Every structure is written in C-alpha cells, then in structure tokens.
Amino acid sequence: QEEVDSVMSQTTADTFYQDLNDKSYLEQIMQETLRMWPVAVATTRTNYVDTVLGKTLIPAGSTIMVCFHVLHRHPSHFARPNTFDPDRWAKGQPAPMPDTFLPFSAGKRGRTGKHLAKLECKIMIANLIYHYHLECHPDQNFAVATTLSSQPKYKIYVKMTNRRKPRTLFEDLESVSPTMR
C-alpha cells in the first residue's frame, strides 16, 4: 500500500512507467502470484533427440507436457512451495534455476506478450490499491479451477472502499504533461 501510494502521489505521466517499475514489492507480489497460479496451466513440447529422464527413455518425436502448477510448486525448485512468499523474489535472493519459473509459458510468443501483460497488471493493481481499500470476506474460498487457464473455482467477493476523492477526467488530464495531452 505504502509503495503504491508513494508512486501514485508523486509520479507524473512522464515518469510513471519508470516509477512503477522501480517499485519492487509490487513486482515481488506479481511474481509470487504467477508462481502459485500461473496464467497458462501447461504447454507441450516435442523433443528432437532421444532423451533419458531419470531412468525413462523418451524417444525422439515424443510430445512432452509441462504442467506449470507442478513445476512452480516442486520443492527442489522452490523452498516452501505451497506458501505465498513474495520475499522469495526480493533483491539479493537467489534467482530460480533456468526453466523452473515459466508463468507465461516459454518461447518467442510468450516472451513478446509477457512484458506488456506485466505492465498492464502493474498499472491495474496500482490503480486499484491507490484508489480503493480491498477486503475479502474472511471465509472466502480461493480454490482454483484448472481448465485451460487458472481461474477461481468459486465466486470471489471483494469489498471495495474509496480511499480517494473521485476525480474527473479533466482533473486527471491536468496532471498529464503537455506533450502527453
């Protein structure tokens, strides 16, 4: 809350992108959320050479499915894998091993959209947190229904309370630099 408030109250349209990216705790929360509940559930790959995995031979041309939920919660990749811990992404913490954290899948198309999707998420979350106090019902069930993407199994009820005086579009435009108008 404090991090978002400091960015949103002091930033201008010219510095918003950099100010938002410089704030690490929001990024840590996003990374941990994507680790525990990845956008894509799984992906498939084809191996081009015979591969031995453990004691199993996987012949060339086989289709291999990678389940991100299992990959991201494997104890050999993440300590306390079922615990939501944004601090595991803090500066100074060891980075995950390559190819053990793939919240947007992998490959050329996943890399292209990842940065835009993360920026859009940061902007949306920052605006929500800045303008509203969010409160979930204490008995809320956050079970995940896994289909082609992760989604809530049950409805999620959130109480939103205004934290700021509502602004008009014209008031928002006044804070935008003349080059952005």
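**Briefing: core, pocket and loop residues**

The largest nonpolar core consists of five residues: Leu34, Phe78, Trp89, Phe101 and Phe104. The model is predicted. The chain has 181 residues, of which 25% count as buried. Its secondary structure amounts to six helices and eight strands.

**Overall fold**

- Along the sequence, the elements run in the order α-α-α-β-β-β-β-α-α-β-β-β-β-α.
- Of the contacts between residues at least 6 apart in sequence, 60% link residues at least 24 apart.

**Core**

- Leu34, a member of the largest nonpolar core, touches Val39, His72, Phe101, Pro103 and Phe104, with residues up to four places away in sequence left out of the count.
- Among these contacts of Leu34 are Phe101 and Phe104, which also belong to the largest nonpolar core.

**Largest pocket**

- The volume of the largest pocket is about 940 Å³.
- Helix 3 (24-36), helix 5 (108-131), strand 5 (132-136) and strand 7 (150-152) are the elements that each contribute two or more residues to the lining of this pocket.
- The lining comprises 30 residues, and those nearest the centre of the pocket are Ile29, Thr33, Trp37, Phe84 and Ile125.
- Sorted by class, the lining residues of the largest pocket are 23 nonpolar, six polar and one charged.

**Gln140**

- Gln140 sits in the loop between strand 5 and strand 6 (144-146).
- Gln140 counts as buried because its relative accessibility is 15%, and the cut-off for buried is under 20%.
- Leaving out residues up to four places away in sequence, Gln140 touches Lys155, Ile156 and Tyr157.
- With Tyr157 there is a specific atom pair: the side chain of Gln140 reaches the backbone nitrogen of Tyr157 at 3.0 Å.

- Arg80 is located in the loop between helix 4 (68-72) and helix 5.
- The phi of Arg80 is positive, at about 45°, although Arg80 is not a glycine.
- Arg80 has 45% relative accessibility and therefore counts as partly exposed, a class that lies between the buried limit of 20% and the exposed limit of 50%.
- Asp99 is also placed in the loop between helix 4 and helix 5.
- Asp99 has a positive phi near 65°, again in a residue other than glycine.
- At 58% relative accessibility, Asp99 counts as exposed, because exposed means over 50%.

Key. Residues are numbered from 1 along each chain as its sequence is written. This is a predicted model: local features need pLDDT of at least 70, side-chain atom pairs count only at pLDDT 80 or more; totals for chains, interfaces and linings use all residues. Side-chain values use heavy atoms; hydrogens and water are left out. On a 1 Å grid over the protein atoms alone, a cavity is a set of points where a 1.4 Å probe fits but cannot get out, and a pocket is an open set with protein on both sides within 12 Å along at least five of seven lines; lining residues have an atom within 4 Å of a point. Grid points are joined across faces, edges and corners, and a volume is the space filled by probe spheres set on the points. Helices (H or I, at least four residues) and strands (E, at least two) are DSSP runs, numbered from the N terminus. Ala, Val, Leu, Ile, Met, Phe, Trp, Tyr, Cys and Pro count as nonpolar, Asp, Glu, Lys and Arg as charged, and the others, Gly among them, as polar. A nonpolar core is a set of buried Ala, Val, Leu, Ile, Met, Phe, Trp, Tyr and Cys residues joined through side-chain atoms within 4.5 Å. Buried means under 20% relative accessible area, exposed over 50%, partly exposed in between (1.4 Å probe, protein chains only). Contact means heavy atoms within 4.5 Å. A polar contact is a pair of N or O atoms within 3.5 Å; within protein, one must be able to donate a hydrogen and the other to accept it, and residues adjacent in sequence count only if both atoms are side-chain atoms.
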